[in-house]
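Subject: Two-chain model, handover and notes

Hi,

Here is the model I promised to pass on. Please open it alongside these notes.

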Amino acid sequence: MNPDASTIAAGAPIEVDLSPIAEGQDIKVFWRGKPIYISHRTKKQIDEARAVNVASLPDPQSDEARVKSGHEQWLVVIGICTHLGCIPIAHEGSYDGFFCPCHGSVYDTSGRIRQGPAPSNLPVPPYQFVSDTKIQIG
Amino acid sequence: MSGPSDYQPSNPALQWIERRLPIFGLIHSSFVAYPTPRNLNYWWTFGAILSFMLGMQILTGVILAMHYTPNADLAFKSVELIVRDVNYGWLLRNMHAVGASMFFVAVYVHMFRGLYYGSYKEPREVLWILGVIIYLLMMATGFMGYVLPWGQMSFWGATVITNLFSAVPYVGESIVTLLWGGYAVGNPTLNRFFSLHYLLPFVIAGVVVLHVWALHVAGQNNPDGVEPKTEKDTVPFTPHATIKDMFGVACFMLLYAWFIFYMPNYLGDADNYIPANPGVTPPHIVPEWYYLPFYAILRSIPDKLAGVVAMFGAIIILCFLPWLDSAKTRSSKYRPLAKQFFWIFVAVCILLGYLGAQPPEGIYVIAGRILTFCYFAYFLIVLPLLARIEKPRPVPNSISDAVLAKTGSRSTPMVSTAIVLALAASLFASSVDTAKAAEGGDKPPGNKWSFAGPFGTFDRGALQRGLKVYKEVCASCHGLSYVAFRNLAEPGGPGYSVAQAAAFASEYKVKDGPNDAGDMFERAGRPADYFPSPFPNEQAARAANGGAAPPDLSLITKARSYKRGFPWFIFDVFTQYQEQGPDYVAAVLQGYEEKVPEGVTIPEGSYYNKYFPGHAIKMPKPISDGQVTYDDGAPATVAQYAKDVTTFLMWTAEPHMEARKRLGFQVFVFLIIFAGLMYFTKKKVWAASH
């Protein structure tokens with residue numbers, strides 16, 4: 001009952017052009033039926049994400065480990081709450097990141113879990129920068 | 001089913017079969033001669049009611065499956081087409097959807113009955129465990145059935161429930177992928193759920209056979225919890241139990257019919273009339289009411305894995321009940337303390353159910369934790385402890401003694417009632433306050449609708465005027481894609497003739513093709529065509545309207561609602577109030593205000609609306625006084641427009657509403673007469689046994 005060949009084929013990597021996304025904006029693209037949030041973070045958001053004491057987090061992970069170096073302004077995460085799979089809303093919640101309306105999990109500007117029942121951070125999908133303004137997800 | 005039968009049919013043909021396959025003997029010994037305790041009360045009729053409901057669900061389900069399409073792109077529409085176009089499709093669908101709820105109502109009564117009278121105790125442990133297995137299968141079947149209409153709640157319910165399995169350490173993610181058949185809930189998920197939803201009811205039927213078999217080996221328990229000793233203690237199953245069960249089923253059908261014909265959407269969720277959208281999570285995901293207590297347990301545990309374990313544990317623990325409660329006395333009738341705790345437990349379950357439907361914040365979380373503790377404490381602390389410290393009252397020597405005495409139940413149920421009431425009152429008092437504070441939005445004012453109530457019909461004038469308003473105003477942005485022009489001439493609608501509907505259709509241009517040259521072309525509309533949508537697809541609609549796609553209006557009055565809150569949602573069952581949708585739609589149309597109140601900020605490109613959740617609506621004020629000219633002299637005011645167009649949209653959402661209410665009345669007359677006849681027959685049959 002695992003995914004059939006066509007489903008797997010449809011899950012091939014996709015390319016996303018980042019140039020239309022202004023600072024402070026984010027877009028949602030679908031890859032393998034999952035929403036992927038691509039956020040163009042502001043300086044303030046990056047600083048917020050880097051200012052916290054990593055050890056104090058429920059799922060300790062530094063912001064540096066969650067973005068590609070040289071492209072700190074771009075946060076790419078799978079927008080599926082790690083609790084029970086709802087889609088968190090961007091730019092909401094007390095940490096300026098994501099807020100899940102289902103059971104109240106709050107994620108910060110790095111997509112890390114800060115509050116609520118979700119056990120772990122929003123996962124970062126496999127992706128790389130093809131050029132400065134283009135990424136390939138998958 | 002207890003040993004070889006000495007039954008011999010009198011008909012020679014039946015004798016011939018009986019010698020080769022003793023099926024008539026089996027039926028005779030199981031359902032005719034079978035000795036049933038003579039002191040059974042009406043709580044024992046729920047076994048028959050459950051069999052009836054299972055049969056009903058399978059029957060309606062098989063027919064529905066003939067018309068349903070299990071495909072993510074077509075499922076929602078196929079359900080709407082069943083309701084609109086299949087002969088009595090609306091009835092089948094209501095019977096099946098409401099039937100699931102009624103099945104659970106009956107199973108909960110049946111389970112609480114078993115709990116109260118100790119029906120799980122030796123020698124009925126296997127019987128009880130089979131029952132728990134049936135219950136688990138029912139939950140799986142009900143859940144997968146709820147996914148099939150592929151509305152928003154179906155999709156997100158499926159997402160949340162399948163994600164429960166991701167909590168399993170190490171293999172969780174693989175299990176979830178296996179359930180989905182893809183990387184997310186999607187078409188493969190829908191297909192396999194449909195397959196399993198069709199299969200599981202027959203598995204349930206199989207386990208029910210085992211359940212009944214075990215019942216007939218161990219014999220039925222009874223309210224006094226003493227085994228039948230002599231012939232005097234029992235009566236033959238037929239006619240005594242048969243007729244009593246028939247009366248029970250008839251009464252239950254009255255309740256069932258109440259929901260089928262008058263409140264078909266009361267037990268569902270308005271969000272499920274919005275087609276599934278993987279990109280938008282509804283603000284508040286709620287499972288069907290029968291899962292709510294377990295959902296509340298899941299949410300009250302802050303850890304994901306522990307929450308899932310607790311939720312499944314809450315059901316699995318029932319399997320161990322025969323050994324957790326080791327008290328010798330079966331019936332709580334003779335256990336003064338167990339009886340009190342039983343009622344507290346019932347209250348705990350109901351309150352957990354209430355909490356499961358509330359947002360997971362503030363007082364609800366704390367209350368949820370306390371009640372989750374109470375739930376498990378009942379099984380793990382209270383029952384084992386009571387078995388040791390409680391002094392039960394003496395049980396009667398035999399069933400016939402108990403029937404003759406008939407004074408045993410003079411004890412005081414006061415204490416437990418008081419506890420339950422106090423518990424409920426305190427919790428509700430606190431919850432109502434927080435609910436008020438949390439909501440913030442204005443509740444739409446109630447309206448007097450011609451279609452409300454058990455005899456409500458659509459006001460033809462309002463339907464025709466509403467159609468005009470839709471055509472001249474709403475149609476520039478909103479589609480009406482489930483309504484065909486031919487519907488305008490159908491009974492229970494705006495009352496146009498077939499010729500008028502055809503003329504109306506011919507004013508529209510409909511895209512058709514490809515023709516022989518392979519080109520698409522436009523032609524005049526025909527009655528069989530559907531109202532054309534103003535935008536070719538959702539993205540175009542979104543782009544043309546500042547990012548917010550105008551919703552299709554075919555189902556809008558059923559897809560919108562607002563929270564009624566306690567205690568209104570209970571009163572609504574009796575008053576048949578179900579016009580939240582129309583009230584909301586009418587209110588939004590009239591809720592535009594120039595002056596934005598203080599404390600509310602409206603973003604650029606949005607408008608202030610008093611009744612819209614969050615107040616910032618993308619749709620500009622759609623209609624003003626005098627914009628549409630009425631030919632029949634009705635006032636050309638926004639209030640009148642709102643009323644007319646809402647009435648029209650109620651009809652588009654449910655074109656067969658008049659037929660539903662009319663048939664409902666006939667069914668009620670029949671059922672009341674039938675139940676009365678059954679009652680008096682039962683009295684006659686039992687006259688000698690009481």
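A residue is called buried here if 20 or more other C-beta atoms lie within 10 Å of its own, with C-beta atoms placed from the backbone. On that count, 39% of the 690 residues in chain B are buried. Please keep in mind that this is a predicted model.

**Chain B overall**

Chain B holds 25 helices and six strands. Its C-alpha atoms fill a box of roughly 85 × 65 × 55 Å along the principal axes. The radius of gyration is 29 Å; a compact globule of 690 residues would have one near 26 Å, so the two agree. Take the contacts in chain B between residues at least 6 apart in sequence: 74% of them join residues at least 24 apart.

**Chain A overall**

Chain A has two helices and ten strands. Along the sequence the pattern reads α-β-β-β-α-β-β-β-β-β-β-β. The C-alpha box is roughly 45 × 35 × 25 Å, again along the principal axes. With 138 residues, a compact globule would have a radius of gyration near 14 Å, and the 15 Å of chain A agrees with that. Buried residues come to 36% of the 138 in chain A. Of the contacts in chain A with a separation of 6 or more, 48% are between residues 24 or more positions apart.

**Where the chains meet**

The interface puts 24 residues of chain B in contact with 21 residues of chain A. On the chain B side, the elements giving two or more residues are helix H7 (152–163), helix H8 (172–180) and H9. H7(B) gives the most, with four residues. By class, this side of chain B has twelve nonpolar, eight polar and four charged residues.

**Two helix pairs in chain B**

H9(B) also packs inside its own chain. Helix H3 (residues 46–67) and helix H9 (residues 187–218) of chain B pack at an angle of about 160 degrees, with axes 11 Å apart. Angles over 145 degrees count as roughly antiparallel. H3(B) and H9(B) are therefore roughly antiparallel to each other. The crossing of H3(B) past H9(B) is left-handed. H3(B) brings B:Leu54, B:Gln57, B:Ile58, B:Gly61 and B:Ala65 to the contact, and H9(B) brings B:Tyr198, B:Pro201, B:Ile204, B:Ala205 and B:Val208. That contact has eight nonpolar, two polar and no charged residues.

The second pair is H11(B) and H12(B). The axes of helix H11 (residues 292–300) and helix H12 (residues 304–316) of chain B come within 7 Å and cross at roughly 150 degrees. H11(B) and H12(B) are therefore roughly antiparallel too. H11(B) passes H12(B) in a right-handed crossing. From H11(B), B:Phe294, B:Ile297, B:Leu298 and B:Arg299 meet B:Gly307, B:Val308, B:Ala310, B:Met311, B:Ala314 and B:Ile315 of H12(B). The residues of this contact divide into eight nonpolar, one polar and one charged.

**Two buried residues in chain B**

Start with B:Leu50, which lies in helix H3 of chain B. B:Leu50 has 23 other C-beta atoms within 10 Å, so it is buried. Apart from neighbours within four places in sequence, B:Leu50 is in contact with B:Ala106, B:Val107 and B:His110. B:Trp258 is 208 residues from B:Leu50 along the chain, and their C-alpha atoms are separated by 18 Å.

Then look at B:Trp90, in helix H5 (residues 89–116) of chain B. B:Trp90 is buried because 22 other C-beta atoms lie within 10 Å. Leaving out neighbours within four places in sequence, B:Trp90 is in contact with B:Val83, B:His656 and B:Arg660. B:Phe261 is 171 residues from B:Trp90 in sequence, yet 9.9 Å away in space, C-alpha to C-alpha.

**A covered helix**

How many of the residues of helix H23 (residues 580–590) of chain B are buried? Eleven of its eleven, so described as mostly covered. The buried residues of H23(B) include B:Gln580, B:Asp583, B:Tyr584 and B:Gln590. Among what covers them are helix H21 (556–559) and helix H24 (638–653) of chain B.

Best wishes

Definitions and conventions:
Residues numbered from 1 in each chain as written. Chains lettered and ligands numbered in written order. Predicted model: local features only at pLDDT ≥ 70, side-chain atom pairs only at ≥ 80, totals over all residues. Axes fitted to C-alpha atoms, helices over the stretch in contact; angles between N-to-C directions. Parallel < 35°, antiparallel > 145°, perpendicular 65-115°, else oblique. Left-handed = near helix turned anticlockwise from the far one by under 90°. Contact = placed C-beta atoms within 7 Å. Nonpolar A, V, L, I, M, F, W, Y, C, P; charged D, E, K, R; others polar. Rg over C-alpha atoms; globule rule 2.2 N^0.38 Å. Buried ≥ 20, exposed ≤ 12 C-beta atoms within 10 Å, placed from the backbone.
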